[in-house]
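The sequence and the structure come first.

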Amino acid sequence: MEYFKASREHGELIFNLVQDTINAVYPRYYPKPVVEFFCGIHSRDNINRDIEEGCVRVLWKDGRLVGTGSRKGNHITRVFVAPEFQGQGYGRRIMENLEREIAREYPSICLDASLPAAHFYESRGYKTVRHGKTEVENNAILVYEVMEKQMTKNL
């Protein structure tokens, strides 16, 4: 298994993984306008910009991209594992690496958790500090958790 900083040539693979995962998982939790909103947030342009800024990490196994995660300062974003690899510890592996990187510089980590991911983050020690709510198209409501975890330097 390999975990490393994404480069420009990974952009399309990351975009496809993120979009495929959103479209496979999120419709079970959110109405269509919210799913479309998430797809827009995680656009090609946004992913490529984050790659250029050095924020994006990838996890590979046997020559395949299995997941991705990003960080901006102490904020974790865009953690996705391809649907066929979910439940096998890959998300945990991505989070361990991101947390280790962040703990070297910051005393706490924050993230915004979608409904499908909130339980996963709670199991990693994150606590909800507030509930977020955003209205999207067609009066649909995106509900999410703003979460935080206190870190120690010895990760």
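The sections below go through the sheet, its strand pairs, the helix on it, the pockets and the backbone exceptions.

The model is predicted. Its seven-strand sheet is open, with mixed pairing and the strand order E1-E2-E3-E4-E5-E7-E6. Strand E1 (2–5) and strand E6 (127–135) are the edge strands, each pairing on one side only. On average, neighbouring strands of this sheet are turned by 25° against each other, with direction ignored.

In general, strands of a sheet pair through backbone hydrogen bonds, in either the parallel or the antiparallel sense. The pairs described next include both senses: E1 and E2 run antiparallel, whereas E4 and E5 pair in the parallel sense.

E1 and E2 are joined by four bridges and run antiparallel. Within this pair, Glu-2 has Trp-60 in E2 as its bridge partner. Strand E2 covers residues 56–61, and five of its six residues are buried.

## The parallel pair and the packed helix

Strand E4 (residues 75–81) pairs with strand E5 (residues 108–113) in the parallel sense over two bridges. Opposite His-75 stands Cys-110 in E5, and opposite Ile-76 stands Leu-111 in E5. E4 is mostly covered, with five of its seven residues buried.

Helix H5 (residues 115–123) packs on the sheet and touches E4, E5, E6 and strand E7 (141–150). The direction of H5 makes about 15° with that of E7.

## The largest pocket

The largest pocket has a volume of about 880 Å³. Its lining consists of 40 residues, and those nearest the centre are Tyr-26, Val-79, Ser-114, Ala-117 and Tyr-121. The elements giving two or more residues to this lining are helix H1 (11–25), helix H2 (32–41), helix H3 (44–52), E4, helix H4 (90–103), E5, H5 and E7.

E4 provides the largest share of the lining, seven residues. By class, the lining of the largest pocket has 20 nonpolar, 13 polar and seven charged residues.

## The second largest pocket

The second largest pocket holds about 150 Å³ of space. It is lined by Leu-13, Asn-16, Leu-17, Asp-20, Thr-21, Arg-64, Leu-65, Ala-82, Pro-83 and Glu-84. H1 and strand E3 (64–72) each supply at least two of the lining residues. The largest share, five residues, comes from H1.

The lining of the second largest pocket divides into five nonpolar, two polar and three charged residues.

Most residues other than glycine have a negative phi. Arg-78 is not a glycine, yet has a positive phi of about 45°. Arg-78 lies in strand E4 and counts as buried because its relative accessibility is 8%, under the cut-off of 20%.

Asn-138 likewise has a positive phi, near 60°, in a residue other than glycine. Asn-138 sits in the loop between E6 and E7. With a relative accessibility of 67%, Asn-138 counts as exposed, the cut-off being over 50%.

Is Glu-36 buried, exposed or partly exposed, and where is its place? Glu-36 is in helix H2, and at 43% relative accessibility this residue counts as partly exposed. Glu-36 and Arg-71 are 35 residues apart along the chain, and their C-alpha atoms are separated by 23 Å.

Note on methods
Residues are numbered from 1 along each chain as its sequence is written. This is a predicted model: local features need pLDDT of at least 70, side-chain atom pairs count only at pLDDT 80 or more; totals for chains, interfaces and linings use all residues. Side-chain values use heavy atoms; hydrogens and water are left out. Two strands pair if DSSP finds at least two bridges between them. Axes are lines fitted to C-alpha atoms, for helices over the stretch in contact, and angles run from 0 to 180 degrees between N-to-C directions. Contact means heavy atoms within 4.5 Å. On a 1 Å grid over the protein atoms alone, a cavity is a set of points where a 1.4 Å probe fits but cannot get out, and a pocket is an open set with protein on both sides within 12 Å along at least five of seven lines; lining residues have an atom within 4 Å of a point. Grid points are joined across faces, edges and corners, and a volume is the space filled by probe spheres set on the points. Ala, Val, Leu, Ile, Met, Phe, Trp, Tyr, Cys and Pro count as nonpolar, Asp, Glu, Lys and Arg as charged, and the others, Gly among them, as polar. Buried means under 20% relative accessible area, exposed over 50%, partly exposed in between (1.4 Å probe, protein chains only).
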